[in-house]
Amino acid sequence: MDGAKPEKIRCDACPVMCYIAEGKAGACDRYANHAGELVRLDPLTIIHSGDQKLVPFLQGGDEWDGDIIKGERPFVTAVGAGTTYPDYKPAPFIVSQEIDGIDMVTVVTEGIFSYCGVKVKIDTDRHLGDERDVIRVDGEPVGHVTTSEYGSKMLSLGGVEHLTGGSKKEGRVTCDALMQLCNREAVTMQIGDGDHVVEVVVQAGKAPIIDGVEEKLMRVGCGSAAIGMFAKQWLGHADEVVVVDDHITGVLSEHEAGKQLDVPPTGIKLLGRRSTPGRYFQVANPGTGWGGTDIEDPLTILGPFKPKVAWEGLRMLMVSTTGEQYGYYELDSDLVPQKKPMPDALMRTAELIAENCEPSVCSVLFMGGAGGSLRAGVTENPVRLTRSVRDALTHVSCGGAEAYVWPGGGITFMVDVLDMPTQSFGYVPTPALVAPIEFTLRVSDYKALGGYADQIKPVASVRQVDARWLAPNPNAGDPMAHQNYRWSKDRTS
Ligand code: SF4
């Protein structure tokens with residue numbers, strides 16, 4: 001033994017260029033030095049794609065090889081495929097196979113995304129923060145609250161401003177939070193500042209936990225929509241119904257639905273700004289109480305009933321847009337609402353509202369832009385790839401899951417992380433996220449756009465023994481299906 005230390009080897013899969021000692025992993029934990037050989041630590045993920053057949057039970061022929069689903073064709077995803085750097089090198093895998101008589105090729109790489117983030121949709125009425133409120137993880141700003149959607153709050157997290165535009169710690173924390181969210185893990189975040197901070201735990205496919213309370217239901221609609229939907233069910237059981245909502249609070253007797261069903265005026269007075277008949281904005285402040293407002297007692301949104309119109313004994317239901325909060329009141333001789341036990345018939349309507357609400361979940365969509373490294377790994381003339389995607393000649397998938405490609409320039413795409421294989425995402429300390437991306441197209445189109453035709457290998461040549469094989473996700477689509485491509489429509493038209 002000469003006592004000489006084995007040499008470190010250099011990983012060239014990203015700009016960090018780690019020197020890795022024998023038995024150790026690089027800074028991103030994706031590559032390691034195994035006996036002097038640079039290896040990608042996670043297995044390559046291959047999906048049983050195409051038409052699926054269940055293995056026949058105890059019939060003659062082949063012995064069972066451990067798979068319960070036989071795919072007609074393997075789809076090599078970029079999960080575990082590795083990265084090439086710098087940009088001019090061809091992608092790690094460029095594999096071909098014939099699909100229904102057409103030679104197809106898939107260019108497979110783990111992209112390093114400096115420009116990337118996640119859009120989070122949280123199905124809840126509860127107030128999580130005002131638009132543009134800063135979102136923090138471990139005290140570092142990682143994103144902001146953006147425009148709400150129907151029944152959902154929206155967060156925009158990550159992006160180059162947080163990954164590289166702030167302090168080193170901000171970049172590291174942002175990268176870590178994005179990776180965890182994309183890998184379907186829970187991330188605790190604080191929204192807002194000072195005494196208006198809401199803590200939310202977000203996890204893809206799971207209900208949000210807001211200030212320690214797990215959210216259950218997404219509202220059936222706004223207060224006005226709920227009046228329109230359930231007006232008939234209340235007829236004969238209540239003289240007035242108020243559906244409390246942070247956006248639009250609905251009032252049955254004034255609403256068009258009530259008018260068409262001949263519900264008489266009740267002399268009710270709502271605080272807040274009247275929009276159109278029976279529809280009120282801003283009855284209270286946003287919060288985590290009734291219908292996404294800050295109220296716990298719904299009577300606080302009412303002014304005095306008009307004595308010339310209201311009557312003693314008037315029956316009033318107040319209910320939230322998820323049916324989770326409700327109260328039944330009758331006017332006393334002074335026309336003041338007094339709380340009474342909820343009649344069964346009205347209880348059933350509150351239950352009906354709740355039944356019509358969908359479960360509250362968090363959706364996490366990864367959004368990134370395919371930059372120079374990615375596109376140059378596909379072709380020596382990268383803009384042709386962009387045009388080919390635009391022309392529907394090239395299909396973009398992430399871990400086999402169909403990606404939505406934004407119109408306009410570049411290849412900016414979004415994908416639901418739940419459609420992708422688990423543990424699809426990694427990172428490099430630049431910091432940037434590593435995400436799988438595949439470009440699939442006809443071999444003839446690949447040659448036409450200046451692809452690395454001499455690097456094309458048949459899919460059978462990909463080492464499959466160590467691979468992670470997955471059944472297809474029915475929500476993810478089939479990247480090689482002919483209907484993805486413009487030429488299939490040209491042929492049928
Ligand atoms: S960070 Fe990872 S990919 Fe980049 S050089 Fe180091 S080991 Fe290789």
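**View 1. Residue classes in the shell around the ligand.** The shell comprises 11 nonpolar, 1 polar and 1 charged residues, where Ala, Val, Leu, Ile, Met, Phe, Trp, Tyr, Cys and Pro count as nonpolar, Asp, Glu, Lys and Arg as charged, and the others, Gly among them, as polar. In total, 13 residues surround the ligand, the closest being Cys-11, Cys-14, Cys-18, Gly-26 and Cys-28; a residue is near a molecule if its C-beta atom, placed from the backbone, lies within 6 Å of it. The model is predicted: local features need pLDDT of at least 70, side-chain atom pairs count only at pLDDT 80 or more, and totals for chains, interfaces and linings use all residues. Residues are numbered from 1 along each chain as its sequence is written.

View 2. Strand E3 (residues 31-34) and strand E4 (residues 37-40) run antiparallel and are joined by 4 bridges; strands are DSSP runs (E, at least two residues), numbered from the N terminus, and two strands pair if DSSP finds at least two bridges between them. The hairpin has 2 residues between its strands, and Ala-35 in the turn has a positive phi of about 50°. Opposite Asn-33 stands Leu-38 of E4.

**View 3. The open sheet of 7 strands.** The strand order is E19-E20-E18-E17-E21-E22-E23, with mixed pairing. Strands E19 (273-274) and E23 (337-340) stand at the edges with a single partner strand each, so one side of each lacks a neighbour in the sheet. E17 (residues 240-244) and E18 (residues 249-251) run antiparallel, joined by 2 bridges, and Val-242 has Val-251 in E18 as its bridge partner.

**View 4. Domain 3 beside domain 4.** Domain 3 spans 116-214 and domain 4 spans 223-351, with bounds from an automatic or database domain assignment. Here 5 residues of domain 3 are in contact with 8 residues of domain 4, contact requiring C-beta atoms, placed from the backbone, within 7 Å. The side of domain 3 that touches domain 4 has 1 nonpolar, 1 polar and 3 charged residues. The C-alpha centres of the two domains lie 34 Å apart.

Key
Two residues are in contact if their C-beta atoms, placed from the backbone, lie within 7 Å.
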